[in-house]
Amino acid sequence: MNRKFIVIFFVLFHLHSLLQLQCRRNSLFAAAGGGGKWDLLQQNLGIVAMHMQLLHNDKVVIYDRTDFGLSNISLPDGKCRYDPNDKVLAVDCTAHSVEYDVASNSVRPLTVNTDVWCSSGAVTPDGILVQTGGFNDGDHVVRVFRPCSDNKCDWEEIPGGLIQRRWYSTSQILPDGRQIVVGGRRAYSYEFYPKTAANHVYSLRFLVETNDKNEENNLYPFVFLNVDGNLFIFANNRAILFDYTKNFVVRAYPEMPDGQPRCYPSTGSAVLLPLKNLQSPAISAEVLVCGGAPRGSYINAQNGKFLHALNTCGRIIITDPNPKWVMETMPEARLMGDMVTLPNGNVLIINGAGAGSAGWEFGRGPVLNPVLYRPDNPVGARFELQNPTAIPRMYHSTALLLRDGRVLVGGSNAHELYNFTNVLFPTELRLEAFSPGYLDPAMSLARPTIISPASHSQFGYGKRVPVRFKVAGPVNTNLVTVTLVAPSFNTHSFSMNQRLLVIGSGGVKYVAKSTYQIDAVTPGSAILAPSGYYMLFVVHQEIPSEGIWVHIP
């Protein structure tokens, strides 16, 4: 009897602890106006964080444009850039790109020689950032940044790396490690980098069909690699499934029900929702598109009339044989917002304006509160307002996920040059971090810590990976997952190559005191997860561990 009583007591105690933890978690996440914390990291980054990419050494490459004028950070060692083609300064001794070190919270200036304004980028399988295009003398240039540990690496420029001018285009990593560069202003086509043997540009009529006269509304198209190897390409208010190997439209998706544009300059944002059940013969893929501006917003803004932004999202299962958009309403209207996939599969919608359009001086009504979107909740219970920032993040703002689970936020410059005075929204050089609610100290007992594998481990496709982790408090073994997150290139409200895969769920084994093991299985092919570096997280009750870098070579 005594032994039974002791067993029952410990079971009840364990359940009580779990309930207390869940209650604390619910109370933290349920507050309508509360959730998350803001921290100022840099008062003066030196440049506008208009484009950002996290690399596998936990450093973030950031750049704006060379023809903004003098930045607030000098090039090192008295170095200057000489460019007779620059539209503002032929001689410029200031930097327009920096490397931000997350661990030391420090900034190092970098050198770009030609204009990188409104360009795209992606990381190669071996972890090198390849940036494509820009403006003026930079619109055909490819630039390469090879991460280093000695602070000596800098941009390398490849003139003529692109066949056609690419300005406001989108880059997507392909299963073979190349990147495809899609669209751009007056570029109704796509090409590959590295170039194919044929050295061709391929016409894409879909981009002609989605171009609105005098407004465009199809720049920076939303491009995702689908689970069948084809590309989902969304421009304006509709999408296609595209076989880039044959230059063939596999299928046309229905137009979004409201018919409103979602791409630049009526800028919304989009994400590929988490990919799950990767061992299934029929993997489902869903895309979520949120925010934007009504048709005519850009033209109206030119005339001083600022239309209210869109407050809707559309969600579609792109693998469904009969796909339909499901529309949802956000707590606030938003354009120029960024969508960041968090390690637990939720989506953070952050930055942006409540009226107007993308473009110089065209945004009004900064939206200061981020919104958390929980894709697994029922319709009507998915959005959760978060705590606001005090810094407006308007046109040319950025956001990306860091390995520690924070979201790095920077940028905002709605002016043709740097402009810090006598304007509605001064050029913004401050850099912030938003810590989602899962980083609250009250969550520490439930937060996993990864023991193994070691950081920067390499794994092939379809391999079993035992993941060991510690949790200080009680563990709900039914609510443990392992996720892989690809680091994305973020600019103009779209995170290129953003991708989360759930590679382990359930089957948790107790190993020793506070130590557990879950078996993960890496994705089966490069179609599901293109070769490269990923952040691996263990998630317990929606609370992620700090991530580790892993490499699928």
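1. Start with the largest pocket: 31 residues line it, and Lys-276, Asn-344, Asp-376, Thr-481 and Val-502 lie nearest its centre. A pocket here is an open set of points on a 1 Å grid over the protein atoms alone, where a 1.4 Å probe fits, with protein on both sides within 12 Å along at least five of seven lines; lining residues have an atom within 4 Å of a point.

2. A word on the ground rules: this is a predicted model, where local features need pLDDT of at least 70 and side-chain atom pairs count only at pLDDT 80 or more, while totals for chains, interfaces and linings use all residues. Residues are numbered from 1 along each chain as its sequence is written, and side-chain values use heavy atoms, with hydrogens and water left out.

3. Back to the pocket. The lining splits into 11 nonpolar, 13 polar and 7 charged residues. Helix 1 (2–30), strand 36 (480–486) and strand 39 (499–505) each supply at least two of the lining residues. Helices (H or I, at least four residues) and strands (E, at least two) are DSSP runs, numbered from the N terminus.

4. For the overall fold, the chain has 3 helices and 44 strands. Its C-alpha trace spans about 90 × 55 × 50 Å along the principal axes. Of the 553 residues, 61% count as buried, meaning under 20% relative accessible area with a 1.4 Å probe, protein chains only.

5. Now the inside. The largest nonpolar core has 126 residues, and Val-60, Ile-62, Tyr-168, Phe-234, Leu-408 and Leu-501 touch the most other members. Strand 42 (residues 532–540) gives the most to this core, with 7 residues. Apart from it lies another core of 16 residues, among them Val-182, Tyr-190, Phe-192 and Ala-235. A nonpolar core is a set of buried Ala, Val, Leu, Ile, Met, Phe, Trp, Tyr and Cys residues joined through side-chain atoms within 4.5 Å.

6. Take a look at Leu-501. Not counting residues up to four places away in sequence, Leu-501 touches Leu-275, Leu-278, Val-482, Thr-483, Leu-484, Pro-523, Leu-528, Ala-529 and Tyr-534. Contact means heavy atoms within 4.5 Å.

7. Asp-243 sits in strand 18 (residues 238–243) and is buried, at a relative accessible area of 12%. Leaving aside neighbours within four places in sequence, Asp-243 is in contact with Asn-230, Phe-248 and Val-250. Phe-232 is 11 residues from Asp-243 in sequence and 9.2 Å away in space, C-alpha to C-alpha.

Key. Buried means under 20% relative accessible area, exposed over 50%, partly exposed in between (1.4 Å probe, protein chains only). Ala, Val, Leu, Ile, Met, Phe, Trp, Tyr, Cys and Pro count as nonpolar, Asp, Glu, Lys and Arg as charged, and the others, Gly among them, as polar.
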